Amino acid sequence: MPYPRQLPATGTCRCGRVRLRVTKPAMLTMACHCHGCQKMTGSAFSLSLAMPADGVEVLEGELVRGGLQGEHTHLYCAFCKSWVMTRLAGIEWLVNLRPSVLDPHADFVPFIETCTDARLSWASTPAKHSFAGFPAMEEYQPLVEAFAAET
């Protein structure tokens, strides 16, 4: 797995109005097959990097809340509406960053995949760990440690 990359890393939303910098390595790379992610991406799954929130800095541009207006906060570019990141309710020290906003981003391979019970029959990933739903909270620390050991 070619990640981690040289830090700091930079990136933009699709239109380039939101610019950001990443200064800490990802804790986990993930693909989520849930129906919500399918609808929000218009694809078979979403990709995300579990990142320490203090390692992701918006340098320029405005992020606005979008997506499902539930307990989690999905943040988008105010202009092009590209999905940039998600802040999870109750876990303020973490963000799920969309790796496609980083330049380059082709080297981010999902280490885990979640909600495989909703996976489209033709969609597959090379993830090493698969979960029908989401892992239990106590399962995340061993996954983070395994990801760190491999990268």
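Predicted model: local features only at pLDDT ≥ 70, side-chain atom pairs only at ≥ 80, totals over all residues.
**Exercise 1.** Find which residues lie nearest the centre of the largest pocket, and which elements give two or more residues to its lining.

*Solution.* Start with the space itself: the largest pocket has a volume of about 850 Å³. Next, go through its lining of 33 residues; His-72, Leu-88, Asn-96, Phe-134 and Tyr-140 are the ones nearest the centre. Two or more residues come from each of strand 3 (28-32), helix 1 (35-41), strand 4 (46-52), strand 8 (83-87), strand 9 (94-97), strand 10 (112-114) and helix 2 (137-150). Finally, sort the lining by residue class: 21 are nonpolar, ten polar and two charged.

**Exercise 2.** Work out which members of the largest nonpolar core touch the most other members.

*Solution.* This core holds 19 residues, and the ones to pick are Val-22, Met-51, Leu-97 and Leu-102. Then trace where the core comes from: strand 2 (19-22), strand 4, strand 7 (73-77), strand 8 and strand 9 each contribute at least two residues. A further core of twelve residues lies apart from it, including Ala-50, Phe-131, Leu-143 and Val-144.

**Exercise 3.** Decide whether His-33 is buried or exposed, and explain why.

*Solution.* First locate His-33 in the loop between strand 3 and helix 1. Then check the cut-off: buried means under 20% relative accessible area. His-33 has 0% relative accessibility, so this residue counts as buried. To see its surroundings, set aside neighbours within four places in sequence; the remaining contacts of His-33 include Gln-38, Phe-45, Glu-113, Cys-115 and Arg-119.

Methods: Residues numbered from 1 in each chain as written. Heavy atoms only, no water. 1 Å grid on protein atoms, 1.4 Å probe; cavity = no way out; pocket = protein on both sides within 12 Å on 5 of 7 lines; lining within 4 Å. Points joined across faces, edges and corners; volume = space filled by probe spheres on them. Helix = DSSP H or I, 4+ residues; strand = E, 2+ residues; numbered from the N terminus. Nonpolar A, V, L, I, M, F, W, Y, C, P; charged D, E, K, R; others polar. Core = buried A, V, L, I, M, F, W, Y, C linked by side-chain atoms within 4.5 Å. Buried < 20%, exposed > 50% of the residue type's maximum accessible area, 1.4 Å probe, protein only. Contact = heavy atoms within 4.5 Å.
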